[in-house]
Amino acid sequence: MFKEFKEFIAKGNVLDMAVGIIMGTAFTAIVNSVVEDLLMPIITGLTAGVDFSELNVNIAGAQLRFGNLINAIITFLIISLVMFSIVKAFNRNNKEENAEAESKDCPYCKTSIPVEATRCPHCTSELEGYHNEHTHAHNDRVTIVE
Ligand SMILES: [Zn+2]
């Protein structure tokens, strides 16, 4: 348990995670402000002075403040949209990086080896016939018939 925790911290994932959480919190504050301070006044103006956050219904003595719910839903939609854009951009970046990779993973021992390798230096497995697409496109092999 402790060893696992130590490895977890050593990997640097904790730092990434902390940065992510702090960024997320700061980002949420900005989105909240955009919704409450910019968007809602505009909507209030368009709906002839109906302030969403003031909207509520009294049913059997219970006050249902559904205006706040509408605010939360709008905030959620904006955050989803932005997160979707970020993830999409990130995936595109990742793909480009992978295409330019100079190493590949040996299919047998899963260690990182040069793209050009035809035999794994770690487990000595024959890698003939195993190329990634990138190698294949740029390095058409000459077959020597013995
Ligand atoms: Zn190997």
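This is a predicted model: local features need pLDDT of at least 70, side-chain atom pairs count only at pLDDT 80 or more; totals for chains, interfaces and linings use all residues.
Visitor: Good to be here! What does the secondary structure of the protein chain come to?

Guide: Welcome! The protein chain has four helices and four strands, and along the sequence they follow the pattern α-α-β-β-α-β-β-α.

Visitor: Why is Glu36 called partly exposed?

Guide: Glu36 has 15 other C-beta atoms within 10 Å. A buried residue needs 20 or more, and an exposed one has 12 or fewer, so Glu36, with 15, counts as partly exposed. You will find Glu36 in helix H2, which covers residues 13–46. The C-alpha atom of Glu36 is separated by 9.7 Å from that of Ala72, 36 residues apart along the chain.

Visitor: What makes Lys110 count as buried or exposed?

Guide: Lys110 has 10 C-beta neighbours inside 10 Å. The cut-off for exposed is 12 or fewer, therefore Lys110 counts as exposed. Lys110 sits in the loop between strand S3 (103–105) and strand S4 (112–114).

Visitor: What share of the protein chain counts as buried?

Guide: Of its 146 residues, 3% count as buried. As for contacts between residues at least 6 apart in sequence, 21% join residues at least 24 apart.

Visitor: Where does UniProt place the feature "transmembrane region"?

Guide: The unreviewed UniProt entry places it at residues 12–31 and 69–87. Over residues 69–87 the model is 100% helix and 0% strand, with the end C-alpha atoms 26 Å apart.

Visitor: Where in the protein chain is confidence lowest, and where is it highest?

Guide: Confidence is lowest in H4, at a mean pLDDT of 48, and highest in S4, at 86. Over residues 133–139 pLDDT stays under 50, and the model has five contacts beyond four places in sequence for them. For the protein chain, the mean pLDDT is 76, and 78% of the residues reach 70 or more.

Definitions and conventions: Residues are numbered from 1 along each chain as its sequence is written. UniProt positions are given in the numbering used here, feature names are shortened, and annotations may be inferred rather than shown by experiment. Helices (H or I, at least four residues) and strands (E, at least two) are DSSP runs, numbered from the N terminus. Two residues are in contact if their C-beta atoms, placed from the backbone, lie within 7 Å. pLDDT is the predictor's confidence in each residue, from 0 to 100.
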